[in-house]
Amino acid sequence: MSGAPARTLLLWCPDWPVLAAEIVDGVPATDPVAVLHANRVVACSERARAEGVRRGLRRREAQGRCPQLTVVDHDPARDARAFEPVVAAVEEVVAGVEVIRPGACALAARGPSRYLGGEEAAAERIVEHVAQTCAVESQVGIADGVFAAGLAARDGRIVPPGGTPEFLAGLPVEALGRPTLTDLLRRLGVRTLGDFAALPPGDVLARFGFDGTLAHRLAAGRDHRPLAVRQPPADLTVTADHDEPIDRVDAAAFAARTLAEQLHERLAAHGLACTRLGIEAVTAHGQELHRVWRHDGLLTAAAIADRVRWQLDGWLSGSNGRGGARPARPTAGIIRLRLVPDGVLAQAGLQPGLWGETGEERERAHRALSRVQGILGPEAVVTAVLGGGRSPADQVRLVPWGDERLPTRPGPPPLPAAAPASAAEPGSAAGPTVPTGRATAGAVVRTGRPARSGAAAPVPPWPGRIPPPAPAVVLPTPLLAAVHDATGEPVVVSARLAISAAPARLTVGAGRPAEIVGWAGPWPVDERWWAPAEARRRARFQVCLADGAALLLAVESGQWLVEAIYD
């Protein structure tokens, strides 16, 4: 690390967690207010400090010093959300802002000082603009480096160029913000940043480690990390207000085309393309309508217009509320239409097909399915996504058409198609679809926690998974069944996976018994065994019937179930 620290301007809003509570939750910051985290005060208002409340106090002690204290829970999301308008106000004056934390942001001082007439004039301009725009009081500090600028902002001070080491030398070591290191330095007799900076760097590294070395550089005024400036988010939303409410589909189609072209032009100006489009509408009676469309490719201007038109057609031609699959029609026409590009990416972010764009047939199918979604909702058209899991039902996830096709569970490499030699042997009349044989007792496969390392072979990603081929039909609700042996006695599976007799007949529900001519299994699974309330222990069998049907059976708590059907 070399080089001199850059001149940095840091804007600091005192007691920001308290101000954020006032902005978001309406808690008056002029009252005695304390923000608590882990039962300790992390911030307090000026009036609370006048009553003796300090950071680090426990809740009971703080309330003992100030009985009328208002306690607010610490919420980092609330602080960040409330600070966003302040950062936006700073970006209206200068560019290249880095958010240090909610309540503090920094920027390079060189540019603003040049075009605003000096560092002092730039600081006054930024503070004044934040106060006028957000009604928030703030202070600015300017020094060499972010660390020194943050300390200077506490006093609203501008440290002259090159004077940062002298400015830091007289500050206490608590300014480092490292309680453990500070306590150790105090016990060693090091009380100021100047004393700490005077220590040899090699000795600091040997005694305090890497974090102590970084703190040593800060104390010496050698903080010169480049600012991680953020890019202000571009406003890509387009809105159209209509004096006359839109209640006809043809008028809605015209409005959709115009608004879609505006959105596409705005996206193209930033080199972006839309993959997820939010369509919002407000009726003359104040009813708000919202729908999100997703697409696995880039939405062109025509594609955006089609989706807006389909959605408006679905809204305006809805049912009258007396039943039917369609949603109820709005009680008034649409007066405001808004398009929000929820998902954007660089124009070259998606790669076309191997031989160019997708075919015309697929595009027609996509348009038709998308229009059905516009009328009946996104969940009306779903596709299956294969993933990991132990049962056939776990391996399939239904996602709405156009959504990202991500599996719920990671898929493991396929298991061998044949049953293990210890669990199956050739049977008498099994077809090629389902392995046949007889079951032998084996160890229950416990799932969900990683196995200990050792000499044993690595555990498969989904132990207890049924081997291929996959069943053709997975029943949404398993059917109750009964399995009997050749003597008519029920077949049971013991806790050690010992099967009482070879399965001979299967009865599904109230149907007639069917002869079992081949079977394989069991494939045992003991899921979530460490959570008794969620534990599930079952064993699965593949059976082939005399009529050629092949089924996947499961036995759980002594009850047989038909889970799936093979083709």
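Contact here means heavy atoms within 4.5 Å, while helices (H or I, at least four residues) and strands (E, at least two) are DSSP runs numbered from the N terminus. This is a predicted model, in which local features need pLDDT of at least 70, side-chain atom pairs count only at pLDDT 80 or more, and totals for chains, interfaces and linings use all residues. Residues are numbered from 1 along each chain as its sequence is written, and side-chain values use heavy atoms, with hydrogens and water left out.

Let's start with the whole protein. It has 14 helices and 19 strands. Of its 567 residues, 40% count as buried, that is, under 20% relative accessible area, with exposed over 50% and partly exposed in between (1.4 Å probe, protein chains only).

Now look at helix H11, residues 201–219. Its 19 residues have end C-alpha atoms only 12 Å apart, short of the 27 Å that a straight helix would reach at 1.5 Å a residue (the expected span is 1.5 Å times one less than the number of residues). H11 bends by about 130° at Phe208, the angle between axes fitted to the seven residues ending there and the seven starting there. Phe208 is also one of the buried residues of H11, which include Val204 and Gly212.

Just after H11, Gly221 takes a positive phi of about 80°.

Finally, find Val382 in strand S12. Val382 counts as partly exposed because its relative accessibility is 36%.
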